[in-house]
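Take a look at the sequence and the model, then read on.

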Amino acid sequence: MKTILAVDDSGSLRQMLSFSLKAAGYGVIEAVDGEDGLKKAKQQKVDLVLTDQNMPGMDGLTLIKALRGMANYKSVPILMLTTESGDDIKAMGRAAGANGWLVKPFDPARLTEVVKKLIG
C-alpha cells in the first residue's frame, strides 16, 4: 500500500483528506504542521506528500524545501493543497520543489485523480 503524508493544521481537513485517500486505497499519515510533517517524513519514507501552505510554525514552502534537501525525498511527489491560488505563490511552490497544486476546498474525486497520476 502506498502511503501519503497529509500535512495541514486543520483537523477537519486532515480528516477529510484521510477519509478520501483511504477510500481510494492509500495509507495516510497525518501531521499538524510543517515541523510535525518533517519529523514524520524522517521517521517513515512516504510515497507522496500533500501539504498546506499557511500553517503555524513551519509553512508548506519551508517544509517542501526541507524535504527536497533530504536524499530520500528528492523525487517524492509533493502537492500543495491551499486556499492560495495566485501565480506568484504557485511559482514559489514550483521553485521550492512542489509537483502540483490543488486549491481548497478540494474535490475528493479530483484529489484522487491527481494522486493516482503521480503515484499510481
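## Salt bridges and an annotated residue

Asp36 and Lys40 sit four residues apart in helix H2 (residues 34–43), so about one helical turn separates them. Helices (H or I, at least four residues) and strands (E, at least two) are DSSP runs, numbered from the N terminus. This is a predicted model, in which local features need pLDDT of at least 70, side-chain atom pairs count only at pLDDT 80 or more, and totals for chains, interfaces and linings use all residues. Residues are numbered from 1 along each chain as its sequence is written, and side-chain values use heavy atoms, with hydrogens and water left out.

**Salt bridges within helices**

- The structure holds six salt bridges, where a salt bridge is a side-chain nitrogen of Lys or Arg within 4 Å of a carboxyl oxygen of Asp or Glu.
- One of them joins Asp36 to Lys40, with the closest N and O atoms 3.3 Å apart.
- Asp36 is buried at a relative accessible area of 15%, while Lys40 is partly exposed at 25% (buried means under 20% relative accessible area, exposed over 50%, partly exposed in between, with a 1.4 Å probe and protein chains only).
- Another salt bridge pairs Glu113 with Arg110, whose closest N and O atoms are 2.9 Å apart.
- Glu113 and Arg110 are three residues apart in helix H5, which means that about one helical turn lies between them.
- Glu113 is partly exposed at 39% relative accessibility, and Arg110 is partly exposed at 39%.

- Lys104 and Asp52 meet through their side chains in a salt bridge of 3.3 Å, N to O.
- This pair links distant parts of the chain, 52 residues apart: Lys104 is in the loop between strand E5 (100–103) and helix H5 (108–119), and Asp52 is in the loop between E3 and H3.
- Lys104 is buried, with a relative accessible area of 19%.
- A network of salt bridges links Asp8, Asp52 and Lys104.

**A closer look at Asp52**

- In an unreviewed UniProt entry, the annotation "modified residue: 4-aspartylphosphate" covers Asp52; UniProt positions are given in the numbering used here, feature names are shortened, and annotations may be inferred rather than shown by experiment.
- The loop that holds Asp52 runs between strand E3 (48–51) and helix H3 (60–68).
- Asp52 counts as buried, at 4% relative accessibility.
- Beyond its neighbours within four places in sequence, Asp52 is in contact (heavy atoms within 4.5 Å) with Val7, Asp8, Asp9, Gly60, Met80, Leu81, Thr82 and Lys104.
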